[in-house]
Amino acid sequence: MLAMEKGINCCFTASASNVCIYFITITIALVVIRVSYVIYRSCKPLHTTSPQPLSTLIVLGSGGHTAEMLNLLSVLHTDSFTPRFYIAAATDNMSLQKARLFENSVIDKEFRMAALKCKLSRVSATLLYKTGVPENAQFVQIYRSREVDQSYVTSIGTTLMAIAHALWLMIKIRPQVILCNGPGTCLPLCVIAFFFKVVGIRWSSTFYVESIARVRRLSLTGLLLYELRMADKFFVQWPQLQRKYPRADYVGCLM
């Protein structure tokens with residue numbers, strides 16, 4: 001009887017182990033299939049038939065990143081990308097100030113045209129201008145993963161905090177479009193957006209435009225997004241860069 005019980009226990013343990021291995025294998029296979037599908041669909045041309053504007057997350061960065069991004073936005077039909085959420089690092093106040101000035105210029109232009117078409121008085125146009133700004137744009141700051149000259153040991157904690165904050169913002173905003181051009185601030189946001197695609201929470205189309213300063217090789221952020229295929233569209237501004245990274249699209253100099 002003792003030998004029989006031991007045999008039954010061994011068979012049960014072996015069966016449980018086989019079921020566990022089978023379950024893990026199936027789970028991994030499903031994840032791989034889903035990730036492959038997301039990458040495959042992201043590489044396809046984007047088609048939208050919805051007349052509704054798209055909520056857009058715009059990542060700004062210190063240095064020339066913000067100037068390049070605002071220059072890019074100036075040639076877009078802003079009516080198609082609303083509301084707009086501008087995100088910059090918590091220590092980068094200048095970028096958000098520039099974004100506010102840009103939004104003021106956009107609203108001012110829109111209501112000048114409206115005043116001409118509808119023959120509104122200057123007072124009416126001013127009232128519309130003041131009430132229109134908050135509806136179209138919001139300005140948000142996010143924790144930076146690592147500050148300049150910060151030690152790598154202490155950056156572990158700040159990186160985890162930045163990821164948690166980015167996750168909270170992505171859940172709150174749930175953008176349909178993400179525009180970024182190189183600052184490290186955009187990396188956790190793009191990673192979370194890709195994760196949301198995989199699990200089916202939200203499909204955010206990510207457009208990455210490499211900085212014009214990158215002539216011969218991609219930035220670290222751009223290289224990661226390119227190699228991991230996390231961007232739906234990847235643009236470069238130099239032809240030699242496109243030849244080196246053939247999956248990128250050459251769009252010429254945007255500045």
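Colleague: Which residue follows α6?
Modeller: First, this is a predicted model, where local features need pLDDT of at least 70, side-chain atom pairs count only at pLDDT 80 or more, and totals for chains, interfaces and linings use all residues. Residues are numbered from 1 along each chain as its sequence is written, and side-chain values use heavy atoms, with hydrogens and water left out. Helices (H or I, at least four residues) and strands (E, at least two) are DSSP runs numbered from the N terminus. After α6 comes a residue with a positive phi, near 85 degrees, and that residue is Gly-200.

Colleague: How far does α6 reach from its first C-alpha to its last?
Modeller: Helix α6 covers residues 186-199, which makes 14 residues. The expected span of a helix is 1.5 Å times one less than its number of residues, and for α6 that is 20 Å. The model comes close to this, with a reach of 20 Å.

Colleague: How many of the residues of α6 are buried?
Modeller: Buried means under 20% relative accessible area, exposed over 50%, and partly exposed in between, with a 1.4 Å probe and protein chains only. Among the buried residues of α6 are Leu-189, Ile-192, Phe-194 and Val-198. The helix is largely enclosed by the rest of the structure, because the buried count, out of 14, is ten.

Colleague: Where does UniProt place the feature "transmembrane region"?
Modeller: The record here is an unreviewed entry, and such annotations may be inferred rather than shown by experiment; the positions are in the numbering used here and feature names are shortened. One of the ranges is 176-196, where the model is 52% helix and 19% strand, with end C-alpha atoms 12 Å apart. The UniProt ranges are residues 21-40, 152-170 and 176-196.

Colleague: How many salt bridges does the count come to?
Modeller: Side chains of opposite charge can pair when their charged atoms come close. The rule for a salt bridge asks for a side-chain nitrogen of Lys or Arg within 4 Å of a carboxyl oxygen of Asp or Glu. By that rule the count is three.

Colleague: Which residue forms a salt bridge with Lys-197?
Modeller: Lys-197 sits in helix α6, while its partner is in the loop between α7 (220-227) and β6 (233-236), 35 residues apart. The closest N and O atoms are 2.5 Å apart, and the partner is Asp-232.

Colleague: What is the N to O distance between Glu-103 and Arg-84?
Modeller: Both residues are buried. Glu-103 belongs to helix α3 (residues 93-118) and Arg-84 to strand β2 (residues 84-89), so their pairing ties together parts 19 residues apart in sequence. Their side chains meet in a salt bridge at 2.7 Å.

Colleague: How many disulfides does a search of the whole structure find?
Modeller: A disulfide needs a pair of cysteine sulfur atoms within 2.5 Å. Cysteine pairs to check include Cys-180 and Cys-190, with sulfurs 3.8 Å apart, and Cys-186 and Cys-180, at 4.1 Å. Cys-180 is buried at 0% relative accessibility, but the number of disulfides found is zero.

Colleague: What is omega for the peptide bond that joins Thr-82 and Pro-83?
Modeller: Pro-83 lies in the loop between α2 (65-74) and β2. The bond joining Thr-82 to Pro-83 is cis, and its omega is about -5 degrees.

Colleague: What is the phi of Arg-174?
Modeller: Arg-174 is in the loop between α5 (152-173) and β4 (177-180), and is partly exposed at 34%. Although Arg-174 is not a glycine, its phi is positive, at about 50 degrees.
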